[in-house]
Amino acid sequence: MSLFTTEVIDSGKPGPHLVITAGVHGDEFEPMQCIHALIDGLGEQLLSGKVSLVPCVNIEAFLLGQRKASDDLDLARICPGDPEGSITMQVGHALTNLIKSADYYIDLHTGGTRFSVLPLTGYPLNPDADALEGSRKLAKAFNLPFIWGTDWRLKGRSMSIACENNIPAIYAEYLGGAQCSPQGVIDYIDGCLNVLGMLEMIDREQPASRVQTVVEDPSEGSGHMQVCHPAPFDGLLTPHYSLGDQVNQGDVLGSVRSIDGSESAELIAGQSGTILVLHTFSMVREGDATFVIA
Ligand SMILES: [Zn+2]
């Protein structure tokens, strides 16, 4: 029994193998809707190569309505997984094999239940120049406003597997906050079709670029979203800024108040920039990232 379903659309003609996955985290819905739309509509358009589409990699997490499956392991941190391990380890192993079969790879995400993320595409800054240039081309074609190249040394992710195997790859993020944005679904479908057009796998005129910002930050740990402005204790978060706002170092981003009301703390911006990720769920646990600034 396979752990997840892969829909393969094969043109029957030579060309690249593009893998697109959704649902590495079970509570990220725009990617799943996007894959369903591609399964419905791509067949007759495909001129060369083949496309492998996974509507939901982490099915147990999806059915639980949460980011992670019952073993509480983050599928985006444990790759290459283990075929003999717990459910997430097994899925990680199967996902790793699928990624290794790709010539190009796209992994679609959102902020899930608790976070909202400014629409962006990202990639590891692979030391292999050809793979990196391939990832840059994918990100440009995908055509979201923000492009973020980050530390390639981060381990355990789908992107880490692609990077280790020098496969050009991008991930994408689009809002979240426990919602499924219709515009997010449309932009994800367009992004995937743009990449297919750029790779000449379908006939598609590339739209005008909507890319506004490209940041490539090779410093160690860049791109790790869980460590920014951690909540000092469990409590209620009151943000003073919204996603996409510009802030300056030293600004009070928001506050956390303990649930018994006895403690209150301000969250101070550690750098200037744009709010890229916001903890939209009002309850925060000690150590949770509240704001990510890039
Ligand atoms: Zn995710």
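This section describes the zinc site and the salt bridges of a predicted model.

The zinc ion is held by protein donors from His-25, Glu-28 and His-109. The four donor atoms subtend angles of 57 to 144° at the metal, so the arrangement is irregular. A tetrahedral assignment would require all angles to lie between 85 and 135 degrees.

Along the sequence, the donor residues follow the spacing H-x2-E-x80-H. Glu-28 and His-109 bring distant parts of the chain together, 81 residues apart. Glu-28 sits in the loop between strand E2 (17–21) and helix H1 (30–41). His-109 sits in the loop between strand E4 (104–108) and strand E5 (115–124). Glu-28 has a relative accessibility of 1% and therefore counts as buried. His-109 is also buried, because its relative accessible area is 6%, and the cut-off for this class is under 20%.

Glu-28 is buried at 1%, whereas Arg-67 is partly exposed at 24% relative accessibility. The contact belongs to a network of salt bridges that links Glu-28, Arg-67 and Asp-74.

The salt bridges of the model number ten. Side chains of opposite charge can pair when their charged atoms come close. One of the pairs joins Arg-136 to Glu-216, at 2.9 Å from N to O. Arg-136 is in helix H4 (residues 129–142) and Glu-216 is in strand E8 (residues 213–216), so the bridge connects parts that are 80 residues apart in sequence. Arg-136 counts as partly exposed at 24% relative accessibility. Glu-216 is likewise partly exposed, at 32%.

Another pair is Arg-204 with Asp-190, whose closest N and O atoms are 3.6 Å apart. Arg-204 belongs to the loop between helix H6 (182–198) and E8, while Asp-190 lies in helix H6, 14 residues apart. Arg-204 is partly exposed, with a relative accessible area of 27%. Asp-190 is partly exposed at 30% relative accessibility.

Conventions. Residues are numbered from 1 along each chain as its sequence is written. This is a predicted model: local features need pLDDT of at least 70, side-chain atom pairs count only at pLDDT 80 or more; totals for chains, interfaces and linings use all residues. Side-chain values use heavy atoms; hydrogens and water are left out. Donors are N, O and S atoms within 2.8 Å of the metal (3.2 Å for Na, K and Ca); water is not among the atoms, so sites may look incomplete. Four donors count as tetrahedral if all angles lie between 85 and 135 degrees; four count as square planar and six as octahedral if opposite donors are over 155 degrees apart and all others between 65 and 115; anything else is irregular. Helices (H or I, at least four residues) and strands (E, at least two) are DSSP runs, numbered from the N terminus. Buried means under 20% relative accessible area, exposed over 50%, partly exposed in between (1.4 Å probe, protein chains only). A salt bridge is a side-chain nitrogen of Lys or Arg within 4 Å of a carboxyl oxygen of Asp or Glu.
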